[in-house]
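Dear colleague,

Please find the structure below, together with a short account of what was found in it.

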Amino acid sequence: MYHSSTLRIHELTPAERAVYDTLKPGSLPEHVAIIMDGNGRWAGRRLLKRFQGHQQGARSVQLVTETASRIGLPWLTLYAFSLENNLRRPRAEVNFLMRLLRSYLESNVQRMMDNNVRMRYIGRTHDLPPEVQERMLWAEETTARNTGTTLTLALNYGARSELVDAFRALAAEIRHKHISPDRITEQDIHRHLYTAQMPDPDLLIRTSGEMRVSNFLLWQIAYTEIYVTDMFWPDFRGIHLLEAIANYQRRERRYGGLSESVGEVEENPERIRIAAG
Ligand code: FPP
């Protein structure tokens, strides 16, 4: 259950409130991650330019973050710019996305403050243009003491390169502290990920219907529930986040165990004969 002082349910729209009221307060996700896809297609359907899709996508980022903060979601992580986007998209589009990110931060930090949202980043952000990094740092420092939702933007992010960075850091630690490699645990790997301070996502949402994980949080989504919607990201709003959470709550998470409804095993499995051949 979330800390009640962070809840601002009265600020939800009536439509959002109607969905929120169907949720089970005891099993809300702690961490929702989103692969924001379909900006280009959204624009194409309207005979607009791709950059206009990205602009509308930035608006969705803000609106969804505000709904997340109203329901007291502790962690929201958005895949805003992948390493592959950086390497494979035309330079003009990459430059536009960088300018959009800068202006997004400039115009929305005050709203982040009003919503008690703390901003963080994951990814190889040191390879982003210096003027973008400078605004990112400013937004992070300005919002650092906020205690509501932590909004993490994945920027110049790739999960495999995150694992490479983690293994490099772990190898250096092992060498330095003379630790035997067979003592490495899952926890040691977790400690060296960009997400070391966060719980793993409970729910991963992907917009625009694609059934792919696209190199996002590969280690962290081992037991995450996945929800794919056909909606394009620029159309995605807070109410759709709530609908995804409602869908998530209808799932049964077993983490490799048995369903609760299975109950006691009636017969001792040791006594069951296994027919060979
Ligand atoms: C996918 O659309 C989305 C991205 C390339 C990145 C997401 C970027 C934003 C939501 C806008 C800016 C974000 C912030 C935080 C200010 P696509 O271009 O891959 O769409 P398509 O698959 O339809 O071509």
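Which residue in β5 is the bridge partner of Ile34? The partner is Ile205. The model is a predicted one, in which local features need pLDDT of at least 70, side-chain atom pairs count only at pLDDT 80 or more, and totals for chains, interfaces and linings use all residues. Residues are numbered from 1 along each chain as its sequence is written.

Strand β1 (residues 31-35) pairs with strand β5 (residues 203-206) in the parallel sense, over four bridges. Strands are DSSP runs of E with at least two residues, helices are runs of H or I with at least four, and both are numbered from the N terminus; two strands pair if DSSP finds at least two bridges between them. Both strands belong to an open sheet of six, in the order β3-β4-β2-β1-β5-β6, with parallel pairing. At its edges lie β3 (118-122) and β6 (225-228), each pairing on one side only.

Around the ligand there are 18 residues, of which Asn39, Gly40, Arg41, Gly57 and Tyr104 come nearest (a residue counts as near if its C-beta atom, placed from the backbone, lies within 6 Å). Helix α3 gives the most to this shell, with four residues.

The axes of α3 and α5 come within 10 Å and cross at roughly 30° (axes are lines fitted to C-alpha atoms over the stretch in contact, with angles from 0 to 180 degrees between N-to-C directions). The two helices, α3 and α5, are therefore roughly parallel, a term for angles under 35 degrees.

With kind regards

Definitions and conventions:
Angles under 35 degrees count as roughly parallel, over 145 as roughly antiparallel, 65 to 115 as roughly perpendicular and the rest as oblique.
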